[in-house]
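User: I have this file open and would like to go through it with you piece by piece.
Analyst: Go ahead, and I will give the cut-offs as the terms come up.

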Amino acid sequence: MSQREYKLIFTGSMGAGKTTAIAAISEITPISTDVDNSDRKLSDKPSTTVALDYGEVTLAGGDKLRLYGTPGQARFDFMWNILSEGAIGVVVLVDNSRPDPVADMKEYLTAFRSTVSESRAVVGVGRSDTHPEPGLDAFHDAALELDVVTPIISVDVRRRQDVLMLLDILFAQIESAEIETHSEQPGFQIA
Amino acid sequence: MLRYRLEQEQLRMARSLTLATSDLSMAQTLLIRSNLKLFEGKTRDHWTHVETLPATATVCSASSWTSNAASMKASGSGESACFALLSKDEAAPIGASSLAYPARAQDLAAILDAISGRISSFATREIRTAAQSSGRASPDRAQPRSFKVALALRELLTHGSRGIYCIKANGVELHVVPATRTLLTNSSLDENLMARLLAADAEILVKPASDSAARKLELDGVSARHVDGLLWRLGIDGSRGGLPPALPRDGCYALKRWPDFGRIPHDRLHVRMASLLTRKALTVDQLANASGSEIEDARRFISACWLFDLIDIRPRLAQSAPQSKPRSTGPIPARRFSGVFDSIRSALGFRAT
C-alpha cells in the first residue's frame, strides 16, 4: 500500500509565530526561508518567511504529515490557495500586539474561506498576556460577521503543548462535523 | 511589580430583588410584569415579580399609595420603595414616586434603578447564588455547597468592576479584579486550597478590598494571573456531577462559542464535548453518548461552561431529544479522516484523555 500524505497549513500575519509553531512539532529541523524583513513598518521581526516554512511528522505506516507555513505578507497571497488545496485544515495565528489583530484574523479566515467554512480551521491568538485588548469576544464577533463559527484560543506557540492543543481542537472539530454529517444520514443516531 | 489602583467604587453586583403589585387591575399588573421581562438584565439589579408581600418594592394605585407606603416603611423597606402607577389625569400623591400608565419599560427600569440605589449596600452581605437570583431555580434541586464559591466568583466577574474585590470563604481570601479577570495572589492553587474552597459551607463574603489590603498586595508584589483557570476548576469539581439549578435538567444545550482552552485546565474530553456543542444543541444524555463520556462528566462540563456564560439553552424538539438510550453498538460509518487523526495524535504524543 502506498504511503499517504496529509497537509496542514499554518497561516497568519508576520510575526504571528507560524515558523515557531511548526518548529515546535516538526520532527525535522524546519526548512525555513526566512530573510531579512524589509517591511519593518509592519513588523519588528528581524526576518520573515518570504516563501514558506516546511516541517514534517512521520505517522504510522510511513505516512507523512506535512506542515506548511504560508508567507505572512499579503503580496504572497497567490500561494495561499496553492497551499490550502487538499489540506486537512488550517491553523490561523494572530499576534495580538499588532495594530489591528482582528482585521488580521478576518483577512486570513477570508483567504482560506473554503477550508474554514468546512469547520477545518482554528485560530490561535498570541501575546494576549501582554496585550489583552482586543479580547477574544472581539475576535468571535468578527468571525460571526464572516458567518464563521470557529475555535479562537489564547496561545503561546513557543510552548509545544499549546500547538498540540490547537491541533487537538482542530481535529476534534473536524471529527464532530463528520459525526454530525453521518448522524443526518438515515439510520444513524448521535445518541 | 504589579501596579494597580484601588477604585473606591461601591460594589454593584446584581442582587435578586422583588417587586409586588398592589391594588392594580389585571391589565396594569400584566403590563408591569411584561415590562420586567422586557428589561431583564438591563437594570442594576435583577427584579422579579412576586404575588404577595413582603417585597423589595411595591407598585400600587395612587389611591392606595399612602397605606402601601406606610406598610413598606413599617417593614423596614422604606416608603421610597413604594411607587404609584397613575391612570390618565390622576395626580401623584404627595411625596410619592410615580409612573404614568401605560408605563414604558424604560421608565419603570429607571424607577427600579433609583430604588436599587437607595437600598443599603450589598457589599458585605453574603452573595446570593445564581440559582436564587435567576428566578428560574428548580425547587427540587439544591445547589451543592461545593459550587458556592464558583457562583460568587461568576457573579463578581459578570459585573466586570475595575476595583479589587475580596472573596472570603472557609478561611481563604481571594483578591480578584473582575474587569481584567485577574486573580492577585502569590499562592499556588494547590489541591489543599481547592479543597477548602469546595468545602466552603459557611457564609461567603464578597466585598471591595480595603485600602490597607490593597496597599499590602502592592507592597507584597503579588503576581497577577487569569482567574479563568480557578473558575473552571471550581465548575468542574464543584458541580459534583450535577447541573446548576438555573439550567433545566432536561434542557438542550449548545455553546455560544468555544471556551478559551488556552487559559483553563482541560482534557481531551472537554475538547470533544466543546466541538459537539458548538455544532448542535444536545441534551446531557446525548452529549455523554456522543462524546463517549459519563453523564456526570457531561454535567460537569456544562456547569463549568455556564460559569463562563457560554451556555445557550435551546428549545427541546421532540424528535431531537430522545431519553437516555443505550450507547450505539452498531458500526459507525467510515469517515473521511477516519484513523488519520488518531495516527497523528499518536505520532505527536498527545496526552490521553
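User: Which residues of H8(B) are buried?
Analyst: The buried residues of H8(B) are B:Asp228, B:Gly229, B:Leu230, B:Leu231, B:Trp232, B:Arg233, B:Leu234, B:Gly235, B:Ile236 and B:Gly238, where buried means under 20% relative accessible area, exposed over 50% and partly exposed in between, with a 1.4 Å probe and protein chains only. Helices (H or I, at least four residues) and strands (E, at least two) are DSSP runs numbered from the N terminus. This is a predicted model, in which local features need pLDDT of at least 70 and side-chain atom pairs count only at pLDDT 80 or more, while totals for chains, interfaces and linings use all residues. Residues are numbered from 1 along each chain as its sequence is written, chains are lettered from A and ligands numbered from 1 in the order in which they are written, and side-chain values use heavy atoms, with hydrogens and water left out.

User: What does that say about helix H8 of chain B as a whole?
Analyst: Helix H8, residues 228-238 of chain B, is largely enclosed by the rest of the structure, because 10 of its 11 residues are buried. After H8(B) comes B:Arg240, which has a positive phi near 55 degrees.

User: Switching to cysteines, how many disulfides are there over all chains?
Analyst: A search of the whole structure finds 0 disulfides over all chains, taking a disulfide as a pair of cysteine sulfur atoms within 2.5 Å. For B:Cys60, which is in no disulfide, the nearest cysteine sulfur is that of B:Cys82, 3.8 Å away.

User: And is B:Cys60 buried or exposed?
Analyst: B:Cys60 counts as buried, because its relative accessibility is 0%. B:Cys166 is also buried, with a relative accessible area of 4%.

User: Where does B:Cys60 sit, and which residue is its bridge partner?
Analyst: B:Cys60 lies in E3(B), where it is the bridge partner of B:Ser22. Strand E1 (residues 16-22) and strand E3 (residues 57-61) of chain B run parallel and are joined by 4 bridges, and two strands are said to pair if DSSP finds at least two bridges between them.

User: Which sheet do those strands E1 and E3 belong to?
Analyst: They are part of an open sheet of 5 strands in chain B, with parallel pairing and the order E2-E1-E3-E4-E5. Strand E2 (46-50) and strand E5 (97-100) stand at its edges with a single partner strand each, so one side of each is left without a neighbour in the sheet. Direction ignored, neighbouring strands of this sheet are turned by 30 degrees against each other on average; axes here are lines fitted to C-alpha atoms, for helices over the stretch in contact, and angles run from 0 to 180 degrees between N-to-C directions. Helix H1 (residues 26-38) of chain B packs on the sheet and touches E1, E2, E3 and strand E4 (82-86), its direction making about 155 degrees with that of E2(B); contact means heavy atoms within 4.5 Å.

User: What about the antiparallel sheet, what is its order?
Analyst: That open sheet of chain B has 5 strands in the order E9-E6-E7-E8-E10. Strand E7 of chain B is largely enclosed by the rest of the structure, because 5 of its 6 residues are buried.

User: How is E7(B) tied to E6?
Analyst: Strand E6 (residues 165-169) of chain B runs antiparallel to E7(B), with 5 bridges between them, and B:Tyr165 stands opposite B:Val176. The two strands form a hairpin with 2 residues between them, and B:Asn170 in the turn has a positive phi of about 50 degrees. With strand E8 (residues 182-184), strand E7 (residues 172-177) pairs antiparallel over 3 bridges, and there B:Val176 stands opposite B:Leu183.

User: Last topic, how many residues of chain B are in contact with chain A?
Analyst: 37 residues of chain B are in contact with 44 residues of chain A. The area buried between the chains is about 3800 Å², with carbon and sulfur atoms giving 62%; buried area is the accessible area (1.4 Å probe) that two parts lose on being put together, summed over both. B:Trp258, B:Arg279 and B:Leu348 supply 18% of the area that chain B buries against chain A, more than any other three residues.
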